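I open this notebook to record what I looked up in the structure, starting with charged pairs and going on to a helix, the nonpolar cores and the chain interface.

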Amino acid sequence: MQTADTADNPFQPEPARIVRHYNLIKDHRFFQVRFVDMARAMSFTYNPGQFIMLSVPGVGEAPFSISSTPSRPGILELGIRKVGRLTDALFQKKDNDIVYIRGPYGNGFKIDQMRGKDIIIVAGGLGVIPLRSILYYVLDNRDQFGRLFFLYGARNPDEILFKDEFFQLKEREDIECLYTVDRVGDHKDWSEHEGVVTTLFQYLPEMDPKRTNAVVCGPPVMYKFVIQELLKLEVPKNQIQMTLERRMKCGVGKCGHCVLDHLYTCIDGPVFTYWDTLHFRELI
Amino acid sequence: MTPVHTTPDTQDPVFTVRILKMKSEFLKGFLESLEKFGKLYGPVVRNGVLKYDEVHDVDEVVLTGDWHTLLPLKKLVHPTRFDMFRFDNDGFTTDYPVVEKRVVVGVHPCEIHGLLRLDDVFLQDPVDPYYERARANTAIIGFSCLPDEACLCKSTGTDIVEEGFDLFFVDLEDYYLVWVGSSLGHDMVLENEEYFDEDVLHEDIERYIQWRAKRDSMFVTSFEFKNMPDLMELSYNSDIWDYFAEKCISCGQCTMVCPTCNCYNVVDILDVNSETTGRRERVWDSCMFVDYSLVAGGHNFRGSRADRLKLWYTHKLRAFGGEYGKPSCVGCGRCVRTCPVDINVLTVSRALLQQEVPS
């Protein structure tokens with residue numbers, strides 16, 4: 001618990017309650033969590049693209065993207081895939097159980113640079129989880145941005161995350177949603193596109209590249225192909241943003257694990273531009 | 001390895017730098033008097049290994065010659081393992097290790113530079129409170145040394161210290177020149193004023209200059225430290241890395257003995273017979289270990305030994321530059337003495353410079 005003596009410990013995890021959770025798809029779960037301390041819950045501010053360190057005592061601590069938008073304060077939303085010991089333990093938790101959180105960490109998306117521009121959000125698979133934050137941020141501050149294009153690809157219709165939510169978004173006039181799956185298979189009800197996420201670029205209208213900002217997140221293999229498409233559109237290299245994953249043990253530039261060249265993903269990232277990747281090796 | 005001039009303690013702007021003399025015969029009495037400033041630590045032989053440890057008898061401290069402890073001083077401020085938190089059903093409670101006041105004697109210039117590099121990481125915002133506490137309770141009494149065949153501090157420019165010590169002793173055989181580097185060091189002198197002589201004479205300066213010339217002439221090994229950032233950059237895709245990767249056994253000893261390696265892991269450990277209570281530990285980690293960049297789900301961002309070696313040498317010879325102004329190698333020579341398969345700043349920098357692997 002927080003005392004005067006430990007108030008300055010940046011590694012101090014704070015208790016947060018799971019207020020709601022549900023399964024997105026197999027082994028992928030959505031969590032809404034809220035700091036137990038009411039004042040903390042309401043004062044916790046962050047930028048889209050930032051992350052938190054989440055602890056289950058006795059199991060460990062790991063970084064997770066924030067999937068909610070700061071324009072809807074009070075509750076943090078996380079989308080988590082069960083892939084290891086910590087997430088196994090997290091999936092044992094029920095509503096009203098306590099987990100521990102510290103943060104927010106990282107730089108977040110360059111929102112100032114995005115204002116007034118057309119926005120292309122490109123998500124592959126699990127990469128949609130951090131991008132959901134900027135997606136709703138733009139929608140909640142709709143008049144600050146130009147046109148909004150949301151391109152999302154998954155392996156098959158069963159692996160689309162936030163399916164209901166994202167399909168409802170198609171009803172809105174102020175966002176163009178383009179969804180695709182690698183293979184439709186025998187899902188007769190799939191009426192969206194088929195093929196990898198880059199196939200969606202052909203459906204984009206004429207863009208003014210200088211007035212376009214793209215944000216990208218997906219599996220490591222995806223970046224190269226998506227960036228090629230964005231470069232074909234002539235989007236400036238420093239207006240292509242990516243959010244990266246790395247192993248992290250501290251979140252504040254001390255433990256070393258997320259180092260890239262002389263950068264730390266946790267403090268200099270996790271959002272980097274394509275321009276950055278040309279100057280610092282190993283980013284993608 | 002010798003302070004050419006000292007910078008005043010920034011926390012004490014009115015303090016003026018002094019250089020004093022102390023006869024060698026007073027050293028024992030002086031060291032014994034330091035008790036009131038904290039527990040005395042220094043290089044002592046334990047189980048046949050020279051290491052920084054608590055000193056029980058000042059006669060056992062090894063202060064002369066070309067000695068080198070196996071592990072650097074970092075272990076006293078960034079311990080190999082310690083508890084960060086206790087946890088139970090009420091959450092995490094900070095568990096600051098008890099750090100008694102310590103006075104470490106016999107600290108070489110490379111070690112002092114190593115600590116300053118660690119300060120760059122741990123004391124940069126947000127300050128690491130565990131490190132800060134350990135550091136604040138550790139007084140540093142530096143001692144001059146003479147190089148052995150692995151010492152590279154002349155090449156890395158870390159043979160001289162200008163800051164980072166409370167007192168610094170230069171051994172001129174029958175007496176010491178003593179640089180006072182902080183107000184705490186000043187207090188240590190005040191406590192023992194009878195041992196110190198303020199009159200540094202012309203002949204003392206000559207003795208000191210001769211000593212420096214003698215020491216400088218003793219370096220038998222050097223490397224092109226200044227050229228390394230460029231060479232690292234140009235050689236990123238060189239076959240040289242594959243050669244070293246073939247030999248590397250990923251044992252991590254280079255990182256353990258390096259004064260500027262600060263990477264750590266964090267693990268939760270349950271108490272025996274408990275499912276809810278335990279401790280969160282910080283333990284040294286190594287970027288040479290295969291799981292260093294492994295993320296949940298199995299993707300390894302640095303699965304190859306060549307990538308991991310490149311990362312380490314980038315940090316030591318190039319990349320620390322971007323963050324903190326200089327590469328982090330302090331030339332202590334420990335990787336030269338320790339690596340069982342002869343991969344070290346010397347062999348790597350030579351291979352990079354000659355663009356061929358060692359024969």
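**Salt bridges**

I began with the total, which comes to 38 salt bridges over all chains, taking a salt bridge as a side-chain nitrogen of Lys or Arg within 4 Å of a carboxyl oxygen of Asp or Glu. I note that this is a predicted model, in which local features need pLDDT of at least 70 and side-chain atom pairs count only at pLDDT 80 or more, while totals for chains, interfaces and linings use all residues. Residues are numbered from 1 along each chain as its sequence is written, chains are lettered from A and ligands numbered from 1 in the order in which they are written, and side-chain values use heavy atoms, with hydrogens and water left out.

In chain A I looked up Asp118(A), which forms a salt bridge with Arg147(A), the closest N and O atoms being 2.9 Å apart. The two residues are 29 residues apart and link distant parts of the chain, Asp118(A) lying in strand β7 (residues 118–124) and Arg147(A) in the loop between α4 (128–140) and β8 (148–154); helices (H or I, at least four residues) and strands (E, at least two) are DSSP runs numbered from the N terminus. Asp118(A) is buried at a relative accessible area of 5%, whereas Arg147(A) is partly exposed at 35%, where buried means under 20% relative accessible area, exposed over 50% and partly exposed in between (1.4 Å probe, protein chains only).

In chain B I found Asp159(B) in a salt bridge with Arg215(B), again with a closest N to O separation of 2.9 Å. This pair spans 56 residues, from the loop between α5 (153–156) and β8 (167–171) to helix α7 (residues 202–217). Asp159(B) is buried at 4% relative accessibility, and Arg215(B) is buried at 0%.

**Helix α6 of chain B**

Which residues of helix α6 (residues 183–191) of chain B are buried? I list Gly185(B), Met188(B) and Val189(B). Seen down the axis of α6(B), the buried residues fall within an arc of 100°, so they line one face of the helix; the arc is that of the directions from the helix axis to the C-beta atoms.

**Nonpolar cores**

I then turned to the largest nonpolar core, which has 80 residues, and in which Leu309(B), Trp312(B), Tyr313(B) and Leu317(B) touch the most other members; a nonpolar core is a set of buried Ala, Val, Leu, Ile, Met, Phe, Trp, Tyr and Cys residues joined through side-chain atoms within 4.5 Å. Its largest share, six residues, comes from helix α11 (residues 305–324) of chain B. Apart from this core lies another, of 63 residues, including Leu148(A) and Val226(A).

**Interface of chains A and B**

I recorded 38 residues of chain A in contact with 50 residues of chain B, contact meaning heavy atoms within 4.5 Å. The area buried between the chains is about 3700 Å², of which carbon and sulfur atoms give 51%; buried area is the accessible area (1.4 Å probe) that two parts lose on being put together, summed over both.

How many salt bridges does the rule find across the interface of chain A and chain B? There is one, and I noted that Arg280(B) and Glu61(A) meet in a salt bridge at 3.5 Å, N to O. β3 (51–56), β4 (60–65) and β13 (259–260) of chain A each supply at least two residues of the side that touches chain B.
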